[in-house]
Structure formats: C-alpha cells, structure tokens
Amino acid sequence: MVARTRFDADPCPVARSVNAIGDWWSLLIVRDAFDGSRRFGEFQRSLGIAKNILAARLRALEKAGVLRGVPAPDGGSHREYLLTDKGRALFPVIVALRQWGEDQCFTPGEDHSRLLDRRTSRPLRRLQIRAADGRPVGPEDTVVEKLQETERAETERGEKGKAEQERGATEVSAEEGEGC
C-alpha cells in the first residue's frame, strides 16, 4: 500500500485541515455525529461503511482531537464517540458543504435532506464570507499571503526542533547551535 502524504508542517491551513480530517468517510462521520450518532453501530448503519474502515476512521478522528471516545453511559462494554470542541468547530464546514451540495449536486426540485433551525424549524440563512469591514467577498476579492521560502524553511526547522524536543533530544552540537 502506498503511504499517505502528510501535511502536518504545511504552511497552508487547508492542507493541514485536510490532513486532520482525512477523507470523505471522516467528514460523513462528523456529519453523523452532529446528527446525533454516538455508537459504532449507529455510524456503521447510517454510512454502510465496512467495520474495519469505520474503526480506523474513528481512531484517526480521536487522534486528531475531533472525537472523544467515552464509556457508554449505560455501563455497557461499548464506547460512544462525542464531538470535542475541535470537532464542533467543524460545524461551519459541514454547513458549507451541505449548502454547496444543495446548489451544485441536485436538480431543481429534487428532494434532499434539509438543515433546520431547531427553534424555528426554518432553513438556515446561506453562509456568506465577509471582509473585516462586513462587505461580502468572493474569490476574486481575496489573495493568499504565502510564506516566503526562508520563512517556510524556518517554520519547518522549528517544527523539527519541537519534534526532537518532544522525543527527548537534548544534545545539540556546537555547529548546530552557532548563529542562534
């Protein structure tokens, strides 16, 4: 099997986000968690996903801090999976994907599920990206400020240094320490 490319140290927030979430199964698991699924069997029945793939995705979402596995409240031997604060922060992403899907993946008049405000039973307002001054902006109104190569190299060295410290590396040679 080909090793998956990791983006842990990538300077792009989109790449790191995709790295944390993983794949479409993971997003659908998060969607179902927002819809109230908690137990392995609930996710498996809803998604029709193979048990081994579901188990791997749940472990990855736990490791990424998106879900937290806890003992079932009924004292049974199974676990429940709850969204963490990091997982709950994915709500706007799920809503954006849902709204994009409503607009781009269904023919006019085709039935689909709807996300409603629990209090009013009405559909949510469309998401809209706004500038700091409140005006709506589109892709043509934005620009990505990318790290310069030297900044990126420094960031990567810093990440490598942090990883070495976490592994307990304490010795630094005189050559590595020069120029600091």
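Here are some exercises on a predicted model, each with a worked solution.

Residues are numbered from 1 along each chain as its sequence is written, and side-chain values use heavy atoms, leaving out hydrogens and water. Because the model is predicted, local features need pLDDT of at least 70, side-chain atom pairs count only at pLDDT 80 or more, and totals for chains, interfaces and linings use all residues.

**Exercise 1.** Find how many helices and strands the protein has, and their order.

*Solution.* Start with the definition: helices (H or I, at least four residues) and strands (E, at least two) are DSSP runs, numbered from the N terminus. Counting them gives 8 helices and 2 strands. Then read from the N terminus on: the order is α-α-α-α-β-β-α-α-α-α.

**Exercise 2.** Decide whether Glu80 is buried or exposed, and find its polar contact.

*Solution.* First locate Glu80: it belongs to strand β2 (residues 79-83). Next, recall the classes of relative accessible area: buried is under 20%, exposed over 50%, and partly exposed in between (1.4 Å probe, protein chains only). Glu80 has 11% relative accessibility, so it counts as buried. Finally, look for a polar contact (a pair of N or O atoms within 3.5 Å; within protein, one must be able to donate a hydrogen and the other to accept it, and residues adjacent in sequence count only if both atoms are side-chain atoms). The side chain of Glu80 makes one with the side chain of Arg39, at 3.1 Å.

**Exercise 3.** Now try Leu27: which class of accessibility does it fall in, and what does it touch?

*Solution.* Leu27 lies in helix α2 (residues 24-34). Its relative accessibility is 23%, so Leu27 counts as partly exposed. Not counting residues up to four places away in sequence, Leu27 touches Ile21, Ile94 and Leu97.

**Exercise 4.** Describe how α2 packs with helix α3 (residues 40-47).

*Solution.* Two packed helices are described by the angle between their axes and the distance between the axes. Here the angle is about 115° and the axes are 10 Å apart. Axes are lines fitted to C-alpha atoms, for helices over the stretch in contact, and angles run from 0 to 180 degrees between N-to-C directions. The contact involves residues including Trp25 and Leu28 of α2 and Phe43 of α3.

**Exercise 5.** Find which element has the lowest mean pLDDT and which the highest.

*Solution.* pLDDT is the predictor's confidence in each residue, from 0 to 100. Where pLDDT is low, the predicted coordinates should not be read in detail.

Definitions and conventions
Contact means heavy atoms within 4.5 Å.
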